[in-house]
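Here is a short walk through one protein.

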Amino acid sequence: ASWPRAHVALSAADVDELRARCAVGSTARRPAKAEACIASLARVASRALHLPDSTEVVLQMPFDVRRAARLPASYAGNAFHVIEGRPMPRAPHAMDVASLCANIRELTTRSLFGNSMDDPSTLSGGWLWNARMLGRGWMPARSPAPDETSGQPVGAAPSATPVHRLVANFQAHLPAFDVTFGAGECMRAVPGAGDTLQIVAGPRNGVDLYLNLGAPLAGQPPQDWSQLREQLLNP
């Protein structure tokens, strides 16, 4: 059984309040909407999943490569690629929120520089390699699924430091998702990616935040989301 997907709607004023609270200290940079929303969701998720403070967390995000790959405006094919950040030294709830926002910003901005269609390790090159594989009818290899108890890939050598991956699907700033989803739960944009954190554009510049934690580990109690809104606005 899986935990039900939790949902909180934030107004534009709520998002501005969240951004201000993420700017810790008088000289701290005020984070962008995406950085603040992802950081707050990540902190709530890592607490809810009972991740030890020492857990290394890797953030993954679907990214629109149109600008990075300099695709023409007429391009109508798939232009999304999953990017992965460097491991965070601690679980999100154990990091100060300004550092967490900086980690998220580094991931998104790093993807826009040093791109080469000839280098599969870059955003543009990786997207092109993936597109060519799919065009030939080949399914690109995926990383081994993580073991549910250790967080390590199945069959991997044990690590003294557990690793956990969080997928943040920030659909609110992607033109392809500037549509009306209608009533009901938000649909997944990257099938099989395990989008734990999902942010969708809401009415009047607000956002809808979703937490999809999947199946709880053995012995974990059911989540009490009665304070979820307050937790998200006060990361």
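Among contacts between residues at least 6 apart in sequence, 67% join residues at least 24 apart. Keep in mind that this is a predicted model. The protein has five helices and six strands. From the N terminus, the order is β-α-α-β-β-α-α-β-β-β-α. Of the 235 residues, 42% are buried. The protein exposes about 12700 Å², and carbon and sulfur atoms supply 54% of that area.

Now look at strand S6, residues 207-211. How many of the residues of S6 are buried? Five of the five are, so S6 is largely enclosed by the rest of the structure. Its side chains point two ways. Val207, Leu209 and Leu211 point one way, while Asp208 and Tyr210 point the other way. Both sets are buried.

S6 has strand partners. S1 runs antiparallel to S6, and five bridges join them. Strand S5, residues 197-201, also pairs with S6 in the antiparallel sense, again over five bridges. Asp208 shows both pairings. In S1, residues 6-10, Ala9 has Asp208 as its bridge partner. Val200 also stands opposite Asp208. S5 and S6 form a hairpin with five residues between the strands. There, Arg204 takes a positive phi near 50 degrees.

Next comes helix H1, residues 12-22. Which residues of H1 are buried? They are Asp14, Val15, Leu18 and Cys22. These four cover an arc of only 100 degrees around the axis, which puts them on the same side of H1. What covers them includes strands S1 and S6. Helices H2 (33-48), H3 (97-110) and H5 (228-233) are also among the elements that cover them.

The last stop is the nonpolar interior. In soluble globular proteins, nonpolar side chains tend to be buried together. Here the largest nonpolar core holds 51 residues. Ile38, Leu59, Leu197, Ile199, Leu209 and Leu211 touch the most other members. H2 gives the largest share of this core, ten residues. Leu209 and Leu211 return here from S6, where they point one way together with Val207.

Take Leu59 as a close-up. What does Leu59 touch, leaving out residues up to four places away in sequence? Its contacts include Ile38, Ile83, Met88, Ile104 and Leu107. Leu166 and Ala168 are also among them, as are Glu84 and Gly85. Ile38, like Leu59, is one of the core members that touch the most others.

Key. Residues numbered from 1 in each chain as written. Predicted model: local features only at pLDDT ≥ 70, side-chain atom pairs only at ≥ 80, totals over all residues. Heavy atoms only, no water. Buried < 20%, exposed > 50% of the residue type's maximum accessible area, 1.4 Å probe, protein only. Helix = DSSP H or I, 4+ residues; strand = E, 2+ residues; numbered from the N terminus. Arc of directions from axis to C-beta. Contact = heavy atoms within 4.5 Å. Pairing = 2+ DSSP bridges. Areas by Shrake-Rupley, 256 points an atom, 1.4 Å probe, with all protein chains shown as cover. Core = buried A, V, L, I, M, F, W, Y, C linked by side-chain atoms within 4.5 Å.
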